[in-house]
Amino acid sequence: MITIDGLTKRFGDWVAVDDLSTTIRPGVVTGFLGPNGAGKSTTMRMIVGLDRPTAGSVTIDGRPYAALPSPTRTVGALLDAATAHPGRRAHDHLRMVAASNGISRRRVATVLDQVGLGDVGNRRTGGFSLGMAQRLGIATALLGDPEILLLDEPVNGLDPDGVRWIREFIRSLAAEGRTVLVSSHLMSEMQHTADHLIVIGRGRLIADAPLQDVLQAASLNAVRVRTPQPETFAAELVGAGCTVQRASTDELVITGASLPEIGDLAHRTGIRLHELTTKAATLEEAYLELTGAAVEYTDGAADTTRASGRRPRRKARR
Ligand SMILES: Nc1ncnc2c1ncn2[C@@H]1O[C@H](COP(=O)(O)OP(=O)(O)OP(=O)(O)O)[C@@H](O)[C@H]1O
């Protein structure tokens with residue numbers, strides 16, 4: 001379990017993570033979402049002691065990362081896929097990491113097999129595709145057979161097969177009881193992968209709830225009707241205080257009333273309905289609604305209102 005309490009990180013005057021408190025629990029996949037520059041990577045780096053908090057704390061099973069008796073056996077992290085030397089063979093890279101962390105060499109073959117690189121362990125990593133590099137990064141994170149996994153954008157650059165593989169793999173790790181925190185920009189993917197969501201914007205917590213609750217809370221949860229009398233019914237609905245959007249010739253998407261209320265209104269006003277269903281918000285819609293005010297850039301202009309307004313240059317890509 002990861003416990004984050006009042007975590008804050010400033011880079012000069014810039015507040016990258018702002019008084020963040022949350023708990024990341026075992027046995028579920030926790031999706032970590034937020035617009036570019038929201039502070040996700042900085043938070044993950046602080047979890048594993050790569051960045052030092054300006055204030056607040058983060059503990060793993062009650063201790064700071066540096067105080068864990070065996071950090072790499074407790075937490076595995078994929079923070080940057082391109083960490084292997086390009087001239088080094090995949091299994092040599094893993095053997096080196098294993099040796100420097102007191103992990104048995106036998107784990108190397110196991111994790112290579114686990115991530116589907118069993119046949120290419122003797123290839124130099126410089127010739128790896130982005131997808132293979134991501135898999136090697138995950139293999140590295142798994143070397144210590146850790147109970148906690150932090151995966152920063154693990155599906156970056158993967159093709160659809162790779163994306164599906166990662167999804168199933170991540171879910172299987174959580175099903176084994178591990179704590180899995182995974183950041184991603186791909187909302188459709190997260191909708192299929194995460195059980196719980198932590199959404200941050202401008203370093204602050206925006207939402208911390210089960211995926212289903214986030215989806216249900218989105219005001220986009222609407223009712224969809226198909227009717228041969230769309231104009232008449234739209235006028236009735238607006239008169240009843242609903243917001244109506246014409247989705248196609250015979251289709252209306254309505255917010256502001258429940259499905260039974262809309263069905264009853266159609267009945268009372270003699271409107272013929274061909275379909276009456278709820279239209280749940282997708283995670284993408286829910287996410288955009290949640291983070292709308294928290295994007296770092298609007299119309300191409302940097303937001304300079306945060307903290308003292310002086311924004312540091314974007315960090316170099318790690
Ligand atoms: N070493 C650093 N020095 C200065 N500013 C930094 C540094 N690292 C991060 N930042 C700034 O802190 C903010 C948060 O960055 P972070 O990388 O944590 O966001 P993110 O949510 O991971 O974004 P992305 O999704 O684009 O990777 C950004 O404005 C970034 O420019």
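## Overall organisation

Among the contacts in the protein chain with a separation of 6 or more, 69% are between residues 24 or more positions apart. The structure described here is a predicted model. The protein chain holds 11 helices and 15 strands. Of its 318 residues, 36% are buried.

The domain assignment divides the protein chain into domain 1, covering 2–210, and domain 2, covering 222–279. The centres of domain 1 and domain 2, taken over C-alpha atoms, are separated by 45 Å. The C-alpha trace of the protein chain spans about 75 × 50 × 35 Å along its principal axes.

Helix α5 is formed by residues 130–142. Because 12 of the 13 residues of α5 are buried, the helix is largely enclosed by the rest of the structure. The buried residues are G131, M132, A133, Q134, R135, L136, G137, I138, A139, T140, A141 and L142. The elements that cover them include the strands β5 (75–78) and β6 (148–152), together with the helices α3 (90–100), α4 (106–114) and α6 (160–175).

A133 and A90 are 43 residues apart along the chain, and their C-alpha atoms are separated by 9.4 Å.

## The pairing of α3 and α4

On the α3 side, the contact is made by A90, H91, L94, R95 and A98; on the α4 side, it is made by R107, V108, V111 and L112.

Helix α3 also contains S100. Is S100 buried or exposed? S100 is exposed, because 9 other C-beta atoms lie within 10 Å, and 12 or fewer is the condition for an exposed residue. S100 and R89 are 11 residues apart in sequence, and from C-alpha to C-alpha they are 17 Å apart in space.

K9 is found in strand β1, which comprises residues 2–11. With 22 C-beta neighbours inside 10 Å, K9 counts as buried. Leaving aside neighbours within four places in sequence, K9 is in contact with A16, V17, T42, M46, D51, P53 and T54. For one of these residues, P53, the separation from K9 is 44 residues in sequence and 5.1 Å in space, C-alpha to C-alpha.

S184 is found in the loop between β7 (179–183) and α7 (187–193). S184 is buried, with 23 other C-beta atoms within 10 Å. Not counting residues up to four places away in sequence, S184 touches G31, E153, V155, E189 and M190. The C-alpha atoms of S184 and A55 are separated by 26 Å, and these two residues are 129 residues apart along the chain.

## Residues with a positive phi

Most residues other than glycine have a negative phi. D19 has its place in strand β2, residues 14–24. With 14 C-beta neighbours inside 10 Å, D19 counts as partly exposed.

E153 likewise has a positive phi, of about 50°, although it is not a glycine. E153 lies in the loop between β6 and α6. E153 is partly exposed, with 19 other C-beta atoms within 10 Å; a count of 20 or more would be needed for a buried residue. E153 is also one of the residues that S184 touches.

Notes. Residues are numbered from 1 along each chain as its sequence is written. This is a predicted model: local features need pLDDT of at least 70, side-chain atom pairs count only at pLDDT 80 or more; totals for chains, interfaces and linings use all residues. Helices (H or I, at least four residues) and strands (E, at least two) are DSSP runs, numbered from the N terminus. The expected span of a helix is 1.5 Å times one less than its number of residues. Two residues are in contact if their C-beta atoms, placed from the backbone, lie within 7 Å. Domain bounds come from an automatic or database domain assignment.
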